[in-house]
Amino acid sequence: MVSRTAPVPDGPSSDAVGEWPGEWLRGVLSLCALRVLADGATYGYDIAQRLAAAGLGEIKGGTLYPLLGRLHAAGLLDEEWRPGDGGPGRKYYALTDAGRTHLHDEGARWSRFADLTQSFVTQPEVSR
């Protein structure tokens, strides 16, 4: 059995609350965040809410914001502070052209990997 709390270098921590093991989410969270942003620029809390609504569980700020920072540092996102309506401003994130290309290319690779994994894991057991 794989531990849910095993550290993964440069990846999000295992603090998503839900039915999915943290290891699974670590493998795909960046693509999921980029996918949310493919619909248009938005802020971190909205990204987390949309990921939760998609069934991925609660993504805590301690996981999401460092991830968004890494995606920005990699040139996949633009960041912009926007003033709030009577409250504090919010940092909005938007896909760059490189981010859109990354989402397209890595999304296709993820799909192939998920298909292969699904076939492998669910194939009937063979007695040896």
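Predicted model: local features only at pLDDT ≥ 70, side-chain atom pairs only at ≥ 80, totals over all residues.
Residues are numbered from 1 along each chain as its sequence is written. Local features need pLDDT of at least 70 and side-chain atom pairs pLDDT 80 or more, while totals for chains, interfaces and linings use all residues, and side-chain values use heavy atoms, without hydrogens or water.

**Exercise 1.** Find which helices supply at least two residues each to the lining of the largest pocket.

*Solution.* Start with the lining, where Trp20, Trp24, Leu56, Trp110 and Phe113 are among the residues. A pocket is an open set of points on a 1 Å grid over the protein atoms alone, where a 1.4 Å probe fits, with protein on both sides within 12 Å along at least five of seven lines; lining residues have an atom within 4 Å of a point. Next, look at the helices (DSSP runs of H or I, at least four residues, numbered from the N terminus): H1 (22-38) and H4 (97-122) are the answer.

**Exercise 2.** Classify the geometry of the aromatic pair Trp110 and Phe113.

*Solution.* First, the centres are 5.7 Å apart, and rings of Phe, Tyr and Trp (its six-membered ring) pair within 6.5 Å. Then take the angle of 45° between the planes: under 30 degrees is stacked, over 60 edge-to-face and the rest tilted. The pair is therefore tilted. Both residues lie in helix H4, three residues apart.

**Exercise 3.** Decide which ring has Arg82 over its face.

*Solution.* Arg82 lies over Tyr92, at 4.0 Å from the ring centre.

Conventions: Lys NZ or Arg CZ within 6 Å of the ring centre and 35° of its normal.
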